[in-house]
Amino acid sequence: AFNAIRKHIRYSGQTDSSGKAQLGGVDPNNYYLFGMTKAGRGFTIWNSPVSVQVGDNILNLAPQTLTEIQDPTG
């Protein structure tokens with residue numbers, strides 16, 4: 001999944017142990033937020049449209065529906 005979207009990534013970040021992340025310098029616009037994490041022997045992915053406004057933006061993305069995909073190599 002990551003290889004399919006790699007060329008479209010404009011900004012990226014990583015969450016901390018509590019699931020929070022901060023990104024700076026993001027231009028106001030409409031974006032598609034994509035996330036993934038390891039889960040068992042596979043991984044989960046989620047995505048959500050977001051609108052970034054001028055100034056500080058707080059996005060609460062919980063809860064999200066997760067789709068688990070088994071790792072075919074694992």
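User: Where is Ile9 found?

Analyst: Ile9 sits in the loop between α1 and β1. Helices (H or I, at least four residues) and strands (E, at least two) are DSSP runs, numbered from the N terminus. Please note that this is a predicted model, where local features need pLDDT of at least 70, side-chain atom pairs count only at pLDDT 80 or more, and totals for chains, interfaces and linings use all residues. Residues are numbered from 1 along each chain as its sequence is written, and side-chain values use heavy atoms, with hydrogens and water left out.

User: Why is Ile9 called partly exposed?

Analyst: Its relative accessible area is 37%. Buried means under 20%, exposed over 50%, and partly exposed in between (1.4 Å probe, protein chains only), so Ile9 is partly exposed.

User: What makes the nonpolar surface patch of about 250 Å²?

Analyst: Phe2, Ile9 and Met36 make it. Nonpolar side chains (Val, Leu, Ile, Met, Phe, Trp, Tyr) are joined within 5 Å, like charges within 9 Å. Accessible areas come from the Shrake-Rupley method with a 1.4 Å probe, and for residues only the protein chains shown count as cover. At 37%, Ile9 is over the 30% cut-off, so that condition is met.

User: What pattern does the protein chain follow along the sequence?

Analyst: The pattern is α-β-β-β, which comes to one helix and three strands. Buried residues make up 12% of the 74 residues in the chain.

Definitions and conventions. Salt bridge = Lys/Arg side-chain N within 4 Å of Asp/Glu carboxyl O.
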